[in-house]
Amino acid sequence: MKILVLGGTRFFGKRLVELLLEDGHRVTVATRGKADVHLPEGVRHLTLNREKREDMFQLAREHFDVIYDNICFSPQDALYLIQAFKGQKTRLIYTSSLSVYGVKGRALLEEDFDSLHYEIILGDRLDFDYGEGKRLGEAVYFQKADFDVAAVRFPIVLGVQDYTKRLQFHTSRILKGTEIGIQNEEAEIGFIEADEAARFLVFIGTKSDFKGPINASSDGTLKLYELIQLLETLTEKKAHVTDLAEADDENESPFDIPKSYYLDNSKAKALGFVFQNVHDWLPVVAKEQMEMKDFK
């Protein structure tokens with residue numbers, strides 16, 4: 001297949017490109033070119049601004065069997081792509097998020113957010129927070145596109161090369177004895193490992209004809225206190241956990257949530273994808289991060 005990846009130069013997007021190449025696909029990666037780009041041999045790189053309408057129309061002069069959109073954060077981004085590729089026989093795989101859902105304190109089903117009937121309000125990335133930008137991106141794609149669309153809703157994605165360093169935040173503070181602010185240690189949270197996220201994107205885009213929204217998450221959840229205990233065992237140190245109201249803002253856990261917040265992945269499993277269990281891979285990722293030279 002001839003495949004376009006919008007945003008495929010770091011973290012699970014980079015792994016997605018590698019896996020597509022390994023499967024024999026012809027891969028083009030389009031980025032703004034603001035950072036150094038290191039892509040596998042055989043991958044074509046294009047420089048463009050996906051937030052500019054003329055850049056998207058220039059890109060659409062070429063046909064792609066599958067388009068992966070990892071960097072759509074607004075309804076305007078989605079609309080430009082739809083307008084540019086209108087009338088083409090292609091499939092769009094949109095990297096969406098758990099953030100499209102409200103916090104309900106239970107496993108979230110795809111039906112808990114209906115993007116097909118969500119009111120569209122146009123605007124660019126600066127007009128909305130992350131969750132609303134993803135909701136409106138989905139709404140535009142599902143309501144306006146004349147080609148097939150699948151929206152993959154991921155929870156928190158973790159991996160050794162996670163540039164956000166969210167897991168490392170906890171491990172580092174435990175080692176230093178710095179406080180970690182958490183408001184509800186009983187809250188359950190879901191994750192997916194970066195390589196697993198990339199493998200699922202390959203699966204849904206090139207090995208299935210699925211259309212619509214779909215949750216993709218590792219099996220199992222971790223309560224926040226269980227996560228802290230796991231990291232305490234790994235570091236052999238006691239965590240200094242404090243109530244969020246008493247903690248400095250800079251020490252609030254990036255995983256802090258008021259209620260349980262995780263995905264039901266049964267629809268994806270019914271398609272035949274086999275997920276890892278979070279309890280198996282998360283300790284490995286945490287340990288490997290600690291062994292990295294830039295760990296702080």
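1. **Basis.** This is a predicted model, in which local features need pLDDT of at least 70 and side-chain atom pairs count only at pLDDT 80 or more, while totals for chains, interfaces and linings use all residues. Residues are numbered from 1 along each chain as its sequence is written, and side-chain values use heavy atoms, with hydrogens and water left out.

2. **Largest pocket.** Its volume is about 1,400 Å³. Lining it are 48 residues, of which Arg10, Asn70, Ile71, Phe73 and Tyr163 are the closest to its centre. A pocket here is an open set of points on a 1 Å grid over the protein atoms alone, where a 1.4 Å probe fits, with protein on both sides within 12 Å along at least five of seven lines; lining residues have an atom within 4 Å of a point. Points are joined across faces, edges and corners, and the volume is the space filled by probe spheres set on them.

3. **What lines the largest pocket.** Two or more residues each come from α1 (11-22), β2 (26-31), β5 (91-97), α4 (130-144) and β8 (156-158). The largest share, four residues, is that of α1. Helices (H or I, at least four residues) and strands (E, at least two) are DSSP runs, numbered from the N terminus. By class the lining holds 21 nonpolar, 14 polar and 13 charged residues. Nonpolar covers Ala, Val, Leu, Ile, Met, Phe, Trp, Tyr, Cys and Pro; charged covers Asp, Glu, Lys and Arg; the others, Gly among them, are polar.

4. **Second largest pocket.** This one holds about 280 Å³ of space. Of its 13 lining residues, Phe11, Phe12, Arg15, Gln161 and Ala194 are the closest to its centre. Helices α1 and α6 (194-206) each supply at least two lining residues. With five residues, α1 gives the most. The lining divides into five nonpolar, two polar and six charged residues.

5. **Phe11.** Phe11 is in helix α1. Look at its backbone: phi is positive, about 55°, although Phe11 is not a glycine. Most residues other than glycine have a negative phi. Phe11 is buried, at a relative accessible area of 13%. Buried means under 20% relative accessible area, exposed over 50%, and partly exposed in between (1.4 Å probe, protein chains only).

6. **Lys165.** Here too phi is positive, about 55°, and the residue is not a glycine. Lys165 sits in the loop between β8 and α5 (166-176). Its relative accessibility is 36%, so it counts as partly exposed.

7. **Val157.** Val157 belongs to strand β8. It is buried, with a relative accessible area of 7%. Beyond neighbours within four places in sequence, its contacts (heavy atoms within 4.5 Å) are Phe11, Phe12, Asp162, Arg166, Ile192, Glu193, Ala194 and Ala197. Glu111 is 46 residues away in sequence and 22 Å away in space, C-alpha to C-alpha.

8. **Strand β5.** Seven of the seven residues of β5 are buried. Arg91, Ile93, Thr95 and Ser97 point one way, and Leu92, Tyr94 and Ser96 the other. Strand β4 (residues 66-69) runs parallel to β5, joined by four bridges. Strands pair if DSSP finds at least two bridges between them. Val66 stands opposite Arg91.

9. **Thr90.** Thr90 is in the loop between α3 (75-84) and β5. It is buried, at 6% relative accessible area. A polar atom of its side chain lies 2.8 Å from the backbone oxygen of Phe64. Leaving out residues up to four places away in sequence, Thr90 touches Phe64, Asp65, Val66, Ile67, Phe147 and Asp148.

10. **Strand β9.** In β9 (residues 179-182), Glu179 and Gly181 point one way and Ile180 and Ile182 the other, and all are buried. Strand β14 (residues 240-243) pairs with β9 in the parallel sense over four bridges. Glu179 faces His240.

11. **Gln143.** Gln143 is in helix α4. It is partly exposed, with a relative accessible area of 32%. Its side chain reaches the backbone oxygen of Ser115 at 2.9 Å.

Terms used: Polar contact = N/O pair within 3.5 Å; in protein donor to acceptor, adjacent residues only side chain to side chain.
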